[in-house]
Amino acid sequence: MKQSLFDMIGGLSAMERIHTSFYDKVYAHPWLGQFFEGLDQKFIELRQTQFMAEKMGSKAPYLGKDLDVSHMRMYITEELLVVRQGLLREAIEEEGVAPELVTRWLKIDRAFWSKIKKDSLESFKNIDLKYEQPMIVEKPES
Ligand code: HEM
(Lines give C-alpha, C1' and ligand atoms only; values in the text may rest on other atoms or scores of the structure.)
Protein backbone atom coordinates (compact mmCIF):
# COMPACT_ATOMS: atom_id res chain seq x y z
CA MET A 1 0.00 0.00 0.00
CA LYS A 2 1.22 3.53 -0.80
CA GLN A 3 2.58 5.31 2.26
CA SER A 4 0.81 8.54 3.19
CA LEU A 5 2.69 11.84 3.42
CA PHE A 6 1.83 11.76 7.13
CA ASP A 7 3.76 8.48 7.56
CA MET A 8 6.65 9.61 5.36
CA ILE A 9 7.34 12.73 7.43
CA GLY A 10 7.52 10.59 10.58
CA GLY A 11 3.91 10.47 11.82
CA LEU A 12 2.42 12.20 14.82
CA SER A 13 5.59 12.62 16.89
CA ALA A 14 7.49 14.37 14.05
CA MET A 15 4.52 16.60 13.31
CA GLU A 16 4.15 17.56 16.98
CA ARG A 17 7.85 18.47 17.25
CA ILE A 18 7.68 20.53 14.05
CA HIS A 19 4.60 22.43 15.22
CA THR A 20 6.11 23.15 18.62
CA SER A 21 9.17 24.64 16.95
CA PHE A 22 7.00 26.45 14.36
CA TYR A 23 4.82 28.14 16.98
CA ASP A 24 7.87 28.98 19.13
CA LYS A 25 8.99 31.01 16.10
CA VAL A 26 5.52 32.44 15.42
CA TYR A 27 4.96 33.52 19.04
CA ALA A 28 8.41 35.15 19.14
CA HIS A 29 7.87 36.97 15.83
CA PRO A 30 7.33 40.75 16.22
CA TRP A 31 4.50 40.88 13.65
CA LEU A 32 2.90 37.41 13.59
CA GLY A 33 3.24 36.92 17.33
CA GLN A 34 0.79 39.75 18.03
CA PHE A 35 -2.09 37.72 16.56
CA PHE A 36 -1.54 35.02 19.19
CA GLU A 37 -1.25 37.19 22.31
CA GLY A 38 -3.18 35.60 25.18
CA LEU A 39 -3.79 32.33 23.28
CA ASP A 40 -2.57 29.01 24.67
CA GLN A 41 0.29 27.89 22.40
CA LYS A 42 -0.20 24.19 23.18
CA PHE A 43 -3.82 24.37 22.08
CA ILE A 44 -2.92 26.12 18.82
CA GLU A 45 -0.22 23.49 18.15
CA LEU A 46 -2.73 20.70 18.76
CA ARG A 47 -5.25 22.17 16.32
CA GLN A 48 -2.61 22.75 13.64
CA THR A 49 -1.38 19.18 14.05
CA GLN A 50 -4.90 17.74 13.82
CA PHE A 51 -5.59 19.88 10.76
CA MET A 52 -2.43 19.03 8.79
CA ALA A 53 -2.38 15.38 9.88
CA GLU A 54 -5.87 14.89 8.46
CA LYS A 55 -4.91 16.55 5.17
CA MET A 56 -1.79 14.38 4.90
CA GLY A 57 -3.62 11.09 5.32
CA SER A 58 -3.77 10.36 9.06
CA LYS A 59 -6.93 8.62 10.29
CA ALA A 60 -7.46 11.06 13.18
CA PRO A 61 -10.03 13.80 12.45
CA TYR A 62 -9.57 17.58 12.71
CA LEU A 63 -12.02 18.83 15.34
CA GLY A 64 -11.68 22.58 14.87
CA LYS A 65 -13.65 25.15 12.91
CA ASP A 66 -13.44 25.86 9.19
CA LEU A 67 -10.45 28.08 8.47
CA ASP A 68 -12.53 30.86 6.89
CA VAL A 69 -14.58 31.10 10.09
CA SER A 70 -11.66 30.94 12.54
CA HIS A 71 -9.68 33.61 10.65
CA MET A 72 -12.56 35.84 9.60
CA ARG A 73 -11.83 38.72 11.97
CA MET A 74 -8.08 38.79 11.21
CA TYR A 75 -6.63 41.10 8.57
CA ILE A 76 -4.26 38.59 6.99
CA THR A 77 -2.45 39.67 3.81
CA GLU A 78 -0.43 37.63 1.31
CA GLU A 79 2.75 39.22 2.77
CA LEU A 80 1.89 37.89 6.22
CA LEU A 81 1.15 34.42 4.82
CA VAL A 82 4.55 34.40 3.09
CA VAL A 83 6.30 35.39 6.36
CA ARG A 84 4.40 32.64 8.20
CA GLN A 85 5.30 30.04 5.61
CA GLY A 86 8.99 31.02 5.88
CA LEU A 87 8.89 30.13 9.59
CA LEU A 88 7.04 26.89 8.82
CA ARG A 89 9.66 25.94 6.22
CA GLU A 90 12.46 26.56 8.75
CA ALA A 91 10.75 24.37 11.36
CA ILE A 92 10.16 21.50 8.90
CA GLU A 93 13.70 21.66 7.51
CA GLU A 94 15.24 21.73 11.01
CA GLU A 95 13.49 18.39 11.68
CA GLY A 96 15.45 16.95 8.70
CA VAL A 97 12.43 16.23 6.47
CA ALA A 98 13.45 15.37 2.87
CA PRO A 99 13.27 18.35 0.46
CA GLU A 100 10.55 16.83 -1.79
CA LEU A 101 8.35 16.22 1.26
CA VAL A 102 8.93 19.80 2.48
CA THR A 103 7.68 20.98 -0.93
CA ARG A 104 4.57 18.77 -0.69
CA TRP A 105 3.80 19.99 2.84
CA LEU A 106 4.10 23.67 1.87
CA LYS A 107 1.91 23.11 -1.19
CA ILE A 108 -0.89 21.71 1.00
CA ASP A 109 -0.46 24.68 3.35
CA ARG A 110 -0.77 27.10 0.40
CA ALA A 111 -3.95 25.38 -0.77
CA PHE A 112 -5.72 26.93 2.24
CA TRP A 113 -4.48 30.48 1.85
CA SER A 114 -7.49 31.53 -0.22
CA LYS A 115 -9.77 30.77 2.77
CA ILE A 116 -7.74 33.08 5.02
CA LYS A 117 -6.29 35.82 2.82
CA LYS A 118 -7.88 39.29 2.73
CA ASP A 119 -7.38 41.14 -0.54
CA SER A 120 -7.59 44.70 0.74
CA LEU A 121 -8.31 46.69 3.87
CA GLU A 122 -11.39 48.07 2.11
CA SER A 123 -12.94 44.65 1.48
CA PHE A 124 -11.93 43.50 4.99
CA LYS A 125 -13.79 46.45 6.53
CA ASN A 126 -16.93 45.42 4.63
CA ILE A 127 -17.06 41.96 6.24
CA ASP A 128 -19.97 41.71 8.68
CA LEU A 129 -18.23 40.45 11.85
CA LYS A 130 -21.39 40.74 13.97
CA TYR A 131 -20.18 41.00 17.59
CA GLU A 132 -16.52 40.12 16.85
CA GLN A 133 -13.74 42.71 17.00
CA PRO A 134 -11.60 43.09 13.87
CA MET A 135 -7.92 42.30 14.40
CA ILE A 136 -5.51 44.45 12.40
CA VAL A 137 -1.82 44.23 13.26
CA GLU A 138 0.41 46.89 11.71
CA LYS A 139 3.72 45.64 10.33
CA PRO A 140 6.37 46.72 12.86
CA GLU A 141 9.19 49.00 11.69
CA SER A 142 12.27 46.86 11.20
C1 HEM B 1 -0.42 34.76 8.67
C2 HEM B 1 -1.34 33.83 8.63
C3 HEM B 1 -2.10 33.30 9.83
C4 HEM B 1 -2.35 33.89 11.05
C5 HEM B 1 -1.94 35.27 11.55
C6 HEM B 1 -3.14 32.93 11.82
C7 HEM B 1 -3.60 33.15 13.10
C8 HEM B 1 -4.40 32.28 13.81
C9 HEM B 1 -4.95 32.54 15.13
C10 HEM B 1 -4.73 33.81 15.95
C11 HEM B 1 -5.68 31.45 15.47
C12 HEM B 1 -6.48 31.25 16.78
C13 HEM B 1 -7.92 31.65 16.59
C14 HEM B 1 -8.70 31.56 17.87
O15 HEM B 1 -8.66 30.53 18.54
O16 HEM B 1 -9.39 32.55 18.19
C17 HEM B 1 -5.59 30.49 14.39
C18 HEM B 1 -6.20 29.26 14.40
C19 HEM B 1 -5.96 28.30 13.45
N20 HEM B 1 -5.20 28.43 12.29
FE21 HEM B 1 -4.32 30.12 11.66
N22 HEM B 1 -3.33 31.80 11.06
C23 HEM B 1 -2.71 31.97 9.84
C24 HEM B 1 -2.65 31.07 8.80
C25 HEM B 1 -3.07 29.77 8.87
C26 HEM B 1 -2.92 28.78 7.82
C27 HEM B 1 -2.26 29.04 6.44
C28 HEM B 1 -3.47 27.62 8.28
C29 HEM B 1 -3.57 26.27 7.64
C30 HEM B 1 -3.03 25.90 6.52
C31 HEM B 1 -3.98 27.89 9.62
C32 HEM B 1 -4.59 26.96 10.43
C33 HEM B 1 -5.20 27.23 11.63
C34 HEM B 1 -5.99 26.26 12.38
C35 HEM B 1 -6.24 24.81 11.99
C36 HEM B 1 -6.48 26.94 13.53
C37 HEM B 1 -7.40 26.37 14.64
C38 HEM B 1 -8.84 26.79 14.38
C39 HEM B 1 -9.78 26.31 15.47
O40 HEM B 1 -9.36 26.12 16.62
O41 HEM B 1 -10.97 26.11 15.20
N42 HEM B 1 -3.73 29.20 9.94
N43 HEM B 1 -4.80 31.03 13.39
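Lys 25 counts as partly exposed, because 17 C-beta neighbours lie inside 10 Å. This lysine is found in helix H2. The model described here is a predicted one. Leaving aside neighbours within four places in sequence, Lys 25 is in contact with Leu 87, Glu 90 and Ala 91. Lys 25 and Arg 84 are 59 residues apart in sequence, yet their C-alpha atoms are 9.3 Å apart in space.

H2 and H5 pack at an angle of about 140°, and their axes are 9 Å apart. Roughly antiparallel requires an angle over 145 degrees. H2 and H5 are therefore oblique to each other. Their crossing is right-handed. On the H2 side, the contact is made by Ile 18, Ser 21, Phe 22, Lys 25 and Val 26. On the H5 side, Arg 84, Leu 87, Leu 88, Glu 90, Ala 91, Ile 92 and Glu 94 take part. By class, the contact of H2 with H5 divides into seven nonpolar, one polar and four charged residues.

H2 also packs against another helix. Helix H2 covers residues 11–28, and helix H3 covers residues 41–55. The two pack at an angle of about 130°, with 9 Å between their axes. H2 and H3 are therefore oblique to each other. H2 passes H3 in a right-handed crossing. From H2, the contact draws on Leu 12, Met 15, Glu 16, His 19, Thr 20, Tyr 23 and Tyr 27. These meet Gln 41, Ile 44, Glu 45, Gln 48, Thr 49, Met 52 and Ala 53 in H3. The contact of H2 with H3 has seven nonpolar, five polar and two charged residues.

Helix H6 spans residues 99–111. H5 and H6 pack at an angle of about 150°, and their axes are 11 Å apart. That makes H5 roughly antiparallel to H6. The crossing of H5 and H6 is right-handed. Gln 85, Leu 88, Arg 89, Ile 92 and Glu 93 represent H5 in this contact. They meet Val 102, Trp 105, Leu 106 and Asp 109 in H6. By class, the contact of H5 with H6 has five nonpolar, one polar and three charged residues. Leu 88 and Ile 92 of H5 are listed in the contact with H6 and also in the contact with H2.

The loop between H5 and H6 holds Glu 95. Glu 95 is partly exposed, because 16 other C-beta atoms lie within 10 Å. Not counting residues up to four places away in sequence, Glu 95 touches Ala 14, Arg 17 and Ile 18. Ile 18 is also one of the H2 residues in the contact with H5. Glu 95 and Leu 32 are 63 residues apart along the chain, and their C-alpha atoms are separated by 22 Å.

A ligand is also present in the model. There are 22 residues around the ligand. Arg 47, Phe 51, Gly 64, Lys 65 and Ser 70 come nearest. The elements that give two or more residues to this shell are H3, helix H4 (67–70), helix H5 (78–94) and helix H7 (113–116). H3 gives the most, with four residues. By class, the shell around the ligand has 14 nonpolar, four polar and four charged residues.

The segment after helix H8 (121–125) includes Glu 138. Glu 138 is exposed, because 8 other C-beta atoms lie within 10 Å. The C-alpha atoms of Glu 138 and Ala 60 are separated by 37 Å, and these residues are 78 apart along the chain. Lys 130 also has its place in the segment after H8. With 7 C-beta neighbours inside 10 Å, Lys 130 counts as exposed. Phi of Lys 130 is near 55°, a positive value in a residue other than glycine.

Technical notes:
Residues numbered from 1 in each chain as written. Predicted model: local features only at pLDDT ≥ 70, side-chain atom pairs only at ≥ 80, totals over all residues. Axes fitted to C-alpha atoms, helices over the stretch in contact; angles between N-to-C directions. Parallel < 35°, antiparallel > 145°, perpendicular 65-115°, else oblique. Left-handed = near helix turned anticlockwise from the far one by under 90°. Contact = placed C-beta atoms within 7 Å. Nonpolar A, V, L, I, M, F, W, Y, C, P; charged D, E, K, R; others polar. Near = placed C-beta within 6 Å. Buried ≥ 20, exposed ≤ 12 C-beta atoms within 10 Å, placed from the backbone.
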